[in-house]
Amino acid sequence: MHKFFGVSLLAMALFQSTSARADDGATVASEAEDTIIVTGTREASRTQFESVAPVDVLSKELVSSSVSGDLNDRMAQLLPSFNVQRLPAADGQAFVRPATLRGLSADHTLVLVNGHRYHRSALLGSRGAQAPDLASIPNLSIGQVEVLRDGASAQYGSDAIAGVINIILDETPGMHFVSQFSEYYEGDGTEYLVGARGGIALDDRGFLSFSGEWNDQAATSRTRQRPDAIAFQAANPTLAVPNPVQRWGQPDITSIKGAANLRYELAPEAEIHALIVAQNGEGLTDFNWRNPATTGSVFNPSTAFPGFSFKTIYPTGFTPRFGTQYEDLHLSAGMGGALSDNFTYDLAASFGKSTIDYFLKESLNASLGPNSPTSFYLGQLQQRELTFNADFVYRLDVGSAEPVNVAIGAEHRKETYRVGLGDPASYAIGPGAATGLAPNSNGFPGFGPLQAGEFDQTSKAAYLDLEWKPAEVLTIGAAGRYEDYASFGDNFTYKVGARLEPVRGFALRSSMSTGFRAPTPGQLNATNVSQGLDTRTLQIFNTGRLSPSDPLAIALGASPLRPEKSNTKTVGIAWQPGGGLGLTVDLYQIKVRDRFGESATFAVPAAFPNPNRFTSVRYYTNDFSTRTRGMDFVLSYNAALGAGRVNATAAYNYNQTKVTSGTTAAIANATQLRIFQERLPRHNATATLGYSLGPVDFVTRGRFYGPWTDVSGNATGEIFQRFGSMTLFDASISVRMAEHFTVKVGAENLLNTFPDEATNQAARGLIYSRNAPYDTDGGQYYVRLDVRF
């Protein structure tokens, strides 16, 4: 049916007449350097070319040029300094995927929506990073994405170490409907996307826009049958062992997203604004197969349950299915306006909430024997944020080329993190534990009483941001921000920058700043505990990660978490010679100290006070430092060529991170040090060539990823594998039919290119590394119909 669906869309469109309006992102005739930006500056008329710091501007056409329904994937294809990984079978990270800018932590990038802070996800990911989930924002709602590639904590506050992503919602009038079908060449990963967006002008006083998207993505599988499953089938020919017994690939995901945006002028000095962004979805992925012949902690006979065996329930073993149900809600409202020609203000409040529920299917709690359920509710994670902002801008006329732009403001923010209990059976230690059967839900223990709780943190901030153009050739800026956090005290950051344009169209720019990232309530307080039963003493014991403020963690060396702090320097050029050509080159260095990570795992000495019977623990800590150096190169060309118009861009990023000091588990041995420094490619590039000829748009794109290193663990230690470079090509053709219809047909990874196989992980049936910084599922084709009124 899905193939008929795609052909039908194409056939329907081909019967329409053509028009000359271009709408593909790679062929829109615009000068990006002349785009007014609002990120990295509070000067209302600053363009991208005039910015003191490098800012990438992604139009809504560019954002919609990718097949993926996930904004992370779309940005990763367009920005070489932005990386995102798939991470199949990686617990919650299979659904909330960590995205990084300039190779730093996921929560080193601040995300804004319409200039206001967007809430974090409830998931604590790799090394405890807690970042917003960009996938929660509907793509159709986006009017423009601005990416500030520079430290900006002095302007925006915590998290803006690597940069700032500002998602600006679309305000254009009219209706837009989209229907898209895609599938991988392998015949799986079928994805349907249906969406609509409307914009209404409210006379000449404002607008109202709304959008909604439904996305259904089937799982992929790039898997071979596990060798031990082949051996088990040979030894048990009467059983039908699934082939493969577990799936490595993208999860099943279904989501609904929506957004609404309002702006209305009550009076010249009072304009109200409001927005809502919401998401609801669910997903399912596989864990590792449990082999009946080798998983004694489940399938061994137990005197606690005479005559019972889990082989009667799972004769061919079992593969736990890990699932999630998630919701995001973000609300913002406020009022602003101009009290005079020189004085503007904005007062706003926002509330954000991320809720994640986990469940487990096709599993068991072996220690409960025949009383064990096979499905479990594992518990809930929730992040809530309430923020109040007051911002004022005054243009002080001092008789220079431009007035001094004086911006001042204040912020109050409260973050709350909650961990909710799972089913009692998901963390229970049943009678079978005394005979060696594993307690807890198998695959992912539920959240028990030791983990459940609610924790909060408040902060207050004030800032001053100055920007001045004393002469036509010179722009200078300076900002300072003071913040006070209830959990660790105060912090001050600053930023200075300058831009010199000695020749019209050619500019030098440079900035220097300090930054910080405050630990979140989840990082400060959340624990991760698994329970067991000592088969000798028959005593319950606990292992896991404790809060750094836990007395036992303190006794083992934990200290209160401190903010991560940074020093950033950038220098670059911007060249706009005319004729549609533009070039920017920026060099940067980011030093981050007190970086966040997990400690080593400590065995608990018998003499320590230990009422909860922990045998081994670890905790979050921040005592290592890094230095990141790199270069961004962006070349663009947009001009008439023959009967049509060409739009070409080429972007390259070099990024190298080195650990410069520290003692945590993340860098304490050569293995972890190498992974930390080589886990992402140092070289990334993307190039797009588009040509618009009347009603037809052609687009080709190449994506290059440099070599990177992965590691696999086994009983004898860690095994490294170095993966070579990877080049992927995409292509599409769009045809406008009549006034309202556009049909687009294309393919991503057109040549069906696959990376090197992950030879060290073959025993688990995995073919390609799950840590790859690119899609490893092969080529994907798609057809898309857009209808606009």
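1. Contact here means heavy atoms within 4.5 Å. By that rule, and not counting residues up to four places away in sequence, Asp465 touches Arg42, Gln155, Asn405, Val406, Ala407, Ala478 and Ala479. This is a predicted model: local features need pLDDT of at least 70, side-chain atom pairs count only at pLDDT 80 or more, and totals for chains, interfaces and linings use all residues. Residues are numbered from 1 along each chain as its sequence is written, and side-chain values use heavy atoms, with hydrogens and water left out.

2. Asp465 lies in strand 17 (residues 453–471); helices (H or I, at least four residues) and strands (E, at least two) are DSSP runs, numbered from the N terminus. Asp465 has a relative accessible area of 6% and is therefore buried (buried is under 20% relative accessible area, exposed over 50%, partly exposed in between; 1.4 Å probe, protein chains only). The side chains of Asp465 and Gln155 are joined by a polar contact of 3.5 Å. A polar contact is a pair of N or O atoms within 3.5 Å; within protein, one must be able to donate a hydrogen and the other to accept it, and residues adjacent in sequence count only if both atoms are side-chain atoms.

3. Strand 26 (residues 614–641) holds Thr628, and Ser636 also has its place in strand 26. Thr628 counts as buried because its relative accessibility is 0%. Its side chain makes a polar contact of 2.8 Å with that of Thr657. Beyond neighbours within four places in sequence, Thr628 is in contact with residues including Arg102, Tyr588 and Asn655.

4. Is Ser636 buried or exposed? Ser636 is buried, at a relative accessible area of 18%. Between the C-alpha atoms of Ser636 and Leu583 there are 6.4 Å in space, although the two are 53 residues apart in sequence.

5. The lining of the second largest pocket divides into 19 nonpolar, 16 polar and twelve charged residues (Ala, Val, Leu, Ile, Met, Phe, Trp, Tyr, Cys and Pro count as nonpolar, Asp, Glu, Lys and Arg as charged, and the others, Gly among them, as polar). Strand 15 (residues 376–396) gives the largest share of that lining, five residues.
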